[in-house]
Amino acid sequence: MQIMQCIYTTWAPPLSKLTSTKSKLSTGNIQTQIHINTDDVVGVDDDSVGEKFRLPCNVKSITSASNPFVKHCLKLRQSSSYRHSHGSVLVVGTTPIREIYKFDRSLQERTVRIDCLLLLDKAEVPEGLDDIYNFTLRISSMVMKKLSGLQSIESIEAIALMKIPASFFNINVNQNYADCRSWFPSPHRILVLDGIQDPGNLGTLLRSAMAFKWGGVFLLPGCCDPFNEKALRASRGACFQLPIVSGSWCHLEALKDEFHMKLLGGHPESNEEARQVSRLSQGLVESLADVPLCLVLGSEGHGLSEESERLCELVSIQMEGGFESLNVSVAGGIFLYMLQPKKQKINHPK
């Protein structure tokens, strides 16, 4: 099976305001011009993003890969700036869609919106998604292959067009960071990623943070887009379930100061006497159990940035056999597991 190609590029937040990313093209409140075309498709012109795309209205199925709506969805999958300007993401595969939808239904306040569910022509609605009342569109196998980016679509039953969740924040470098209390509902354990450009590693770390009940993820400059197609596959939709903030070091320092957080940086063992590197141990873990913590992980190729090394207490994972380092997603999984929030004790009535 040929895996879809992914571009490893640095992602810069395109928004200029501190805000949760919300679509400017909500179908329930479209502020732009709408007109009916001869092909029974609603065209939407949006001057705010300088783009034009078409949303299906009366159409129940699409068989052509050259359809304007298909081109729009394809661009959502391939372009980070296009995704964020439209506030929409293409999620490929039944498993991540089902996990995202199941998580959203468990919340008192919904944060995820599915605008359109794309199903292969004549295929049954996947179990767990049969109560989605949003628009469902049937597509041909050629369109499914085009949108998924995969040569084989045997395992692909559905694709969903979703709004980027309200739990995702872009913070401009010049934006006031006084509102950092709103970023993470539970800031006791926050994963900080420093220049993680590989979307597979980033997605795996997001999923591990979700699995071990961390309170959220902070993305420093140089990280790839968490809604990148490969990151989405690796995270299996965790980017829709975790609070994620993309900002700069000044914003992270504001968060640290506000909640009196300790900064730990994952680092290879070092023999240099100039800087002490502690070993991850049960004793260290127990000493930090009640301490609000930011765990900072750098890229596998470059490690922590100079700023991270300067501000963090460095911690390493002891290894045998002369190995110097682990893949960042593997090392991160160990750190996240060992440093996960301690379980709350339940006092049962006697």
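The following dialogue examines how the terms applied to this predicted model rest on their definitions.

Student: How many helices and strands does the protein have?

Tutor: There are 10 helices and 17 strands. Helices (H or I, at least four residues) and strands (E, at least two) are DSSP runs, numbered from the N terminus.

Student: What makes D115 buried?

Tutor: Buried means under 20% relative accessible area, exposed means over 50%, and partly exposed lies in between (1.4 Å probe, protein chains only). The relative accessibility of D115 is 14%, so D115 counts as buried. Of the 350 residues of the protein, 50% count as buried.

Student: How do you know that D115 and R113 form a salt bridge?

Tutor: A salt bridge is a side-chain nitrogen of Lys or Arg within 4 Å of a carboxyl oxygen of Asp or Glu. The N to O distance between the side chains of D115 and R113 is 2.5 Å, and they meet in a salt bridge. R113 has a relative accessible area of 28%, so it is partly exposed. The whole structure holds 10 salt bridges; elsewhere, E99, R207 and R236 are linked in a network of them.

Student: Which distant parts of the chain does the salt bridge of E258 and R181 link?

Tutor: The side chains of E258 and R181 meet at 2.6 Å, N to O. The pair joins helix α7 (residues 249-259), which holds E258, to the loop between β10 (168-170) and β11, which holds R181, and the two residues are 77 residues apart. E258, at 32% relative accessibility, counts as partly exposed, whereas R181, at 53%, is exposed.

Student: What separates R310 and E307 along their helix?

Tutor: They are three residues apart in helix α9 (residues 306-311), and therefore about one helical turn separates them. An α-helix has 3.6 residues a turn, so residues three or four places apart point the same way. The side chains of R310 and E307 meet in a salt bridge of 2.9 Å, N to O.

Student: Why is D194 said to have no salt bridge?

Tutor: Lys and Arg count as positive and Asp and Glu as negative, while His and the chain ends are not counted. For D194, which is buried, the nearest side chain of opposite charge is R310, 11 Å away, and D194 has no salt bridge. D194 lies in strand β11 (residues 189-194).

Student: What does the side chain of D194 contact instead?

Tutor: It makes a polar contact with the side chain of S305 at 2.7 Å. A polar contact is a pair of N or O atoms within 3.5 Å; within protein, one must be able to donate a hydrogen and the other to accept it, and residues adjacent in sequence count only if both atoms are side-chain atoms.

Student: What makes β7 and β9 a pair of strands?

Tutor: Two strands pair if DSSP finds at least two bridges between them. Five bridges join β7 (residues 114-120) to β9 (residues 158-163), and the two run antiparallel. Strand β7 also pairs with β8 (residues 135-139) in the parallel sense over five bridges. L119 stands opposite A158 in β9 and opposite R138 in β8.

Student: Why are β5 and β6 called edge strands?

Tutor: The open sheet of five strands has the order β5-β8-β7-β9-β6, with mixed pairing. β5 (61-62) and β6 each have a single partner strand, so one side of each is left without a neighbour in the sheet. For β6, antiparallel pairing with β9 runs over five bridges.

Student: How do you know that α3 has close to its expected span?

Tutor: The expected span of a helix is 1.5 Å times one less than its number of residues. Helix α3 (residues 94-105) has 12 residues and reaches 16 Å from its first C-alpha to its last, close to the 16 Å expected.

Student: What do the buried residues of α3 pack against?

Tutor: They pack against β6 (88-92), β7, β9 and α5 (199-211). Contact means heavy atoms within 4.5 Å. F103, one of the buried residues of α3, touches M210, F240 and Q241, not counting residues up to four places away in sequence.

Methods
Residues numbered from 1 in each chain as written. Predicted model: local features only at pLDDT ≥ 70, side-chain atom pairs only at ≥ 80, totals over all residues. Heavy atoms only, no water.
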